Amino acid sequence: MTGIFFNTSPSVKKLMELMKNDEENRVWDEKAIKSLVKKLKKGSGLDELVKAITSEDCDTKCVTIPRSLDGRLQVSQKKGLPHMIYCCLWRWPDLKNHHELQAIENCEYAFHLKKEEVCVNPYHYVRVEPPVLPPVLVPKIPLDSIKSPNFNDDYPSRINNLNPKSVDANFHLPETPPPGYLSEDSDSRAAVGCSSDGGDGVNSDNGDGQDSMDVDSTPQYELQQVNYTEPNYWCSISYYEQQNRIGEPYHASQPSLSVDGFTDPSSSDRFCLGLLSNINRSHQIEMARRHIGKGVRLYYIGGEVFAECLSDSAVFVQSPNCNQRYGWHPATVCKIPPGCNLKIFNNQEFATLLAQSVSQGFESVYQLTRMCTIRISFVKGWGAEYRRQAVTSTPCWIEIHLNGPLQWLDKVLVQMGSPRLPCSSMS
C-alpha cells in the first residue's frame, strides 16, 4: 500500500483508503480518483464527497462534475458512466451497469436528468434489487390424474426444441400486423394502435365477455404454489441469416453481454458473430454483417431486460412483452437508434399475466411462451413499413429465449395437466 500512496495528495490517500474495490484494478482506480479530485479541487465538492463516504449519509449535498457530450468519463483509455464508476469504487464493487442504479429523489444533478453537471456522490444513488415474484397459484391435480402433455405432437417443446435449425413459422408470432397498426420510422418506439383481430392470445374470450374456460364444468382442485426460480443461464441466443440458423446457440450467464460483429472468440459476456461461417452466405448478407459493428448490448437487471444499440446502424426489436406494456399490436417492431436503449422484458409484468392466464386454461397459459421470445435484427428492419415483411427476410438477426420465464411456464403447464381440447390451427 505504501508504494501506491507514494507522492499522492492527502485527499487522494483518504479516498483510496475508503475504496471497497479489490487490489486487481488498484492502479486504474487511483487514476479515476485523481481525475475526480482534479475536477473537484476548486470547490467544496471534495470535502462533501469525503463526508458522504465516511458518514454513509444520503442527506449530503450533490457532488458534481461537468457532463461530457456522450455522458461518459474517460480515464486512461477506458470509458464509463461517471456515477457508476464512483459507485463501484465506494459502494458496490460488483456493480455491472447503470441500470442497477437509481438516483434518490432529492438529487438535483442525477445522471438521468441530463443536466450540464452530473452528481457522482455514491450515496445519492441506490441499488435496484430484483423484485420478488409472487408464486402462481395453480389447481393441484392429483399426480395419478395428470397426463403430461405430449409437446412433440400438440405443442412445440418449450425448452428442448426452442432453437431449431430453421424458423417454425407456426410457433412464432405473426410477422406483420393488419394494415394501419405499424409505423416503424416515426420514432424509436413505433407508434401503433391495438389490434382487435384476436392476434393477442393473452386475454382471449369467447365473444360474450366470459372467459373461454367453462368454470362451472371444471372440477375444483386445491391450489398449488408454483414458484419462479432463476436458471443458470438467463437467456439463450440463436443467430440467423434469413431463415437459416448459423452456429450453435449462445447461453448467457452474465447479467450484461454484447452481441457484436467482431471475430474474437465468444466469452461469458460476449457473443461474436464475425467468426460464424456460412458457405451459402449471399453478398447481401455479407454486406449487412460488415455493419453490425459493436452490435447490441443486453442487460438483465432487477428482473428487467434492456437492449442498447451500440452499433452505428439501428437495430430492430420485436418484443411481445414490450408491446403488451404499451398496448401495441404483439407483432410490432421497434427501431432502436444508435446510443438508445429500450426495456424489452419485465418479469413482474409477466408474472401478472401468468397469474391471470391460469384461470383461463391451459391454452391461455401456453400462449405466453410467445412472450418469452424476442427477435432483434441488425442493420435492416422488417414489418409493414418495409419491403421485408418477415424477420426471416432480414440478412442477419438473433432470437432470444428467456429461460427463467420459459421454465416457470413449463412447471405451471405440467401442474395444469393436458389441455382439455386438442390444439389445432384455430386454437
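**Exercise 1.** Which side chain meets D94 in a salt bridge?

*Solution.* Note that this is a predicted model. Start with the general idea: side chains of opposite charge can pair when their charged atoms come close. Now find the partner. R127 meets D94 in a salt bridge, with N to O at 2.8 Å. D94 sits in the loop between α4 (82–90) and β4 (101–103), while R127 lies in strand β6 (residues 125–127). They are 33 residues apart, so the pair links distant parts of the chain. Last, check the cover on D94. Its relative accessible area is 46%, which makes D94 partly exposed.

**Exercise 2.** Find which helices E349 and R325 belong to, and state how exposed each residue is.

*Solution.* Begin with the contact. The closest N and O atoms of E349 and R325 are 2.9 Å apart, and the two form a salt bridge. Then locate them. E349 is in helix α7 (residues 347–358), and R325 is in helix α6 (residues 320–326). Now apply the cut-off: buried means under 20% relative accessible area, exposed over 50%. E349 has 26%, so E349 counts as partly exposed. R325 has 24%, so R325 counts as partly exposed.

**Exercise 3.** Is K79 buried, partly exposed or exposed?

*Solution.* Take the value for K79: 41% relative accessibility. K79 therefore counts as partly exposed. Its salt-bridge partner is D70, at 3.3 Å from N to O. D70 has 39% and counts as partly exposed.

**Exercise 4.** How many salt bridges does the count come to?

*Solution.* The count comes to 14. Some form a network: E241, R281, E286 and R289 are linked this way.

Definitions and conventions. Residues numbered from 1 in each chain as written. Predicted model: local features only at pLDDT ≥ 70, side-chain atom pairs only at ≥ 80, totals over all residues. Heavy atoms only, no water. Salt bridge = Lys/Arg side-chain N within 4 Å of Asp/Glu carboxyl O. Buried < 20%, exposed > 50% of the residue type's maximum accessible area, 1.4 Å probe, protein only. Helix = DSSP H or I, 4+ residues; strand = E, 2+ residues; numbered from the N terminus.
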